[in-house]
Amino acid sequence: MFVCGCPAGSRERLFVLVVVLGRFLGCVRSAGQSQDSELTFVLPAGRAECFFQTALQNGTMEVEYQVIAGAGVDVDFSIFSPEGYHIVGEFRRSDGVHMVEPTEEGDYQICFDNSFSHFSEKTVFFEVIIEGQGDDMDEDEWAGLEVSDGSLLEYKLEDIRETMDSLYRRLERTQQMQTVLRAFEARDRNLLEDNMWRVSFWSCASVLVMLCVALTQVYTVRKLFDDKRRVHT
């Protein structure tokens, strides 16, 4: 068993910090899993797919999408309100970011349309970020952490709480940015591989054409100097 040889005041500060950090990490796991969502899916040619996102009253909803693979790298994008109103509409776009603020209570409809393409399927990534709907740390999580004045010396519980909230928001935003950057990287890699295949194909085709032309020229020149007439002496 490990025994800490710190003074009583230090042990009290350490205990409170550990409790606060534990509750903070629990809030990060629960809030991060329940609020934001992301998805990568394949949209077949000539098809449209719609997804539903539940929102509360007077919140914010941010939707970001990217087409990371497929000929043309574009889709039609739409957002419909819970009442069925057409809020956002874009045509033949490869990416976009849209903010709905304030939100209404109900299910928002997010649609991707590839009906204009008859042969090529598209790989689409999108992310929905919900804010202002209980994604901050819960007030009840801080209940029971009140301590008497002066027991933490220079450490203030309110300062710790503000620091933890700020750290949580920044970590959450960092995770969202990393997800978006990964989608950009996937789209660029797919474009690079597609372009490399095209360059290799046309290079091979050009070599074959050059060989055919060379053989034809050799055959033509030899035919010009081929004299089949018989010489009588």
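These are my notebook entries on a predicted model of one protein chain.

**Entry 1, confidence.** I started with the pLDDT of this predicted model. The mean over the protein chain is 75, and 71% of the residues reach 70 or more. I noted two stretches where the pLDDT is below 50. One covers residues 1-20, with 14 contacts in the model beyond near neighbours in sequence. The other covers residues 27-34, where I found eight such contacts.

**Entry 2, layout.** I listed the secondary structure next and got two helices and eight strands. Read from the N terminus, the order is α-β-β-β-β-β-β-β-β-α. The chain has 233 residues, of which 31% count as buried. I also looked up the sequence separation of the contacts. Among those with a separation of 6 or more, 79% are between residues 24 or more positions apart.

Is β3 mostly covered or mostly open? I find it mostly covered, with ten of its ten residues buried. I went on to its pairing. With strand β8 (residues 122-131), β3 forms nine bridges in the antiparallel sense. In that pairing I picked out A69, whose bridge partner in β8 is T123. With strand β6 (residues 95-100), β3 is joined by six bridges, and these two strands also run antiparallel. Here I noted Q66, which stands opposite D95 in β6. As a reminder to myself, side chains in a regular strand alternate between the two faces of the sheet.

Which residues line the second largest pocket? I wrote down I68, A69, G70, A71, G72 and V73, together with R187, N190, L191, D194 and R198. Two elements give two or more residues to this lining, namely β3 (60-69) and α2 (157-224). The largest share, five residues, comes from α2. Sorted by class, the lining has five nonpolar, three polar and three charged residues.

I then looked for departures from it.

- The peptide bond that joins E101 and P102 is cis, with omega at about -10 degrees. P102 lies in the loop between β6 and β7 (106-113).
- N58 is not a glycine, yet its phi is positive, about 60 degrees. I placed N58 in the loop between β2 (48-55) and β3.
- R92 is not a glycine either, and its phi is positive at about 55 degrees. I found R92 in strand β5 (residues 86-93).

Is N58 buried or exposed? Its relative accessible area is 56%, which is over the 50% cut-off, so I count N58 as exposed.

Strand β3 pairs with β8 over nine bridges and is joined to β6 by six. The lining of the second largest pocket draws two or more residues from each of β3 and α2.

Definitions and conventions
Residues numbered from 1 in each chain as written. Predicted model: local features only at pLDDT ≥ 70, side-chain atom pairs only at ≥ 80, totals over all residues. Heavy atoms only, no water. pLDDT = per-residue confidence, 0-100. Contact = heavy atoms within 4.5 Å. 1 Å grid on protein atoms, 1.4 Å probe; cavity = no way out; pocket = protein on both sides within 12 Å on 5 of 7 lines; lining within 4 Å. Helix = DSSP H or I, 4+ residues; strand = E, 2+ residues; numbered from the N terminus. Nonpolar A, V, L, I, M, F, W, Y, C, P; charged D, E, K, R; others polar. Buried < 20%, exposed > 50% of the residue type's maximum accessible area, 1.4 Å probe, protein only. Pairing = 2+ DSSP bridges.
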